[in-house]
Amino acid sequence: MAITTADAEPLPDTNGNTTAPGLVPGEASMWFFILGDLLIFGVYFVCYMVYRGEHAGLFLQSQRHLDQGIGMSNTVVLLTSSLFVALGTEAARAGKAARATRLVGIAFACGAVFPILKLVEWLPKLGAGITPGENLFFMFYYLMTGLHLVHVLLGLVILGFVLRSLRSASTPNMKFIETGGIYWHMVDLLWLLLFALFYLIR
Amino acid sequence: MNAYLRNPLTYVWALLTVVTVISWWISQGADGGFQTNRMVTLGVLMIAALKVHLVMRYFMEVRRAPTWLKRTTFGWLMLLFCLLCGFGLAYA
């Protein structure tokens, strides 16, 4: 079954081999947004590392207060969600809309766990008086994980639209599904770095 | 179900999960882990860079994207990795 992209470019096969080589996955405009976002977060990551170098003791002491279990769980949750989005994209490309809907639905459910765990992590801290004003580490921690959480929430809205598109269209709108997918993977990717920088490095 | 288990994307996910556990294990390290430790920082950053590379390449399908996108994303990752290592390992 030949599925066409928005450019009416025939795709070579239905085995998940996707966008013909040399074509940008999803909308090019989304890639410019993503590259901009990666750049901005990259600057934050480097700033965090510079300050960490100057206040190594303070950062290490503050890291003790983070819940490693929740950090790990959230990493696995986002990786799993990303996998299901990628599998869903393949299924949609193969013309299997019902299967794609199921897979993206699972991805959405996994993704929805992330903000819940974030609240479970934040609320006891805030209750114990550990706020962004506590010290430099927690200023970075709340700012960057908060900014990331906004990305997660936006990603969930986008996945919701992908689901709606999969349910309503007779043939999947691949450009739209791929575009939503790469945004969601970027959210995953940023968390992988946040997890390493806030929870794991010593 | 079997088709999903045999899917290369599932292997990538399994690898990502395994190295996540390894990086957590490295970070727990000696002495309960809350000591300055350059080797731990380096190991964790290398694993994080590998994970980001895998997500970009397989999940975001950059491996099939135009060369400019491959180079830009890989260049961003390498630059970030070098800067993080540089500043992360510089402290006394």
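Predicted model: local features only at pLDDT ≥ 70, side-chain atom pairs only at ≥ 80, totals over all residues.
Colleague: Which residues in helix 2 of chain A meet helix 5 of chain A?

Modeller: Leu58(A), Phe59(A) and Ser62(A) do, and their partners in helix 5 are Leu136(A), Phe137(A) and Phe138(A). Contact here puts the C-beta atoms, placed from the backbone, within 7 Å, and helices are DSSP runs (H or I, at least four residues) numbered from the N terminus. Residues are numbered from 1 along each chain as its sequence is written, with chains lettered from A and ligands numbered from 1 in the order written.

Colleague: At what angle do helix 2 and helix 5 of chain A pack?

Modeller: Two packed helices are described by the angle between their axes and the distance between the axes. Here helix 2 and helix 5 (residues 136-168) of chain A pack at about 55°, axes 8 Å apart (lines fitted to C-alpha atoms over the stretch in contact, angles 0 to 180 degrees between N-to-C directions). So helix 2 is oblique to helix 5, being neither under 35 degrees (roughly parallel), over 145 (roughly antiparallel) nor 65 to 115 (roughly perpendicular).

Colleague: How many residues of chain A are in contact with chain B?

Modeller: 39, against 42 residues of chain B. On the chain A side, helix 3 gives the most, with ten residues. That side divides into 25 nonpolar, eleven polar and three charged residues.

Notes. Contact = placed C-beta atoms within 7 Å. Helix = DSSP H or I, 4+ residues; strand = E, 2+ residues; numbered from the N terminus. Nonpolar A, V, L, I, M, F, W, Y, C, P; charged D, E, K, R; others polar.
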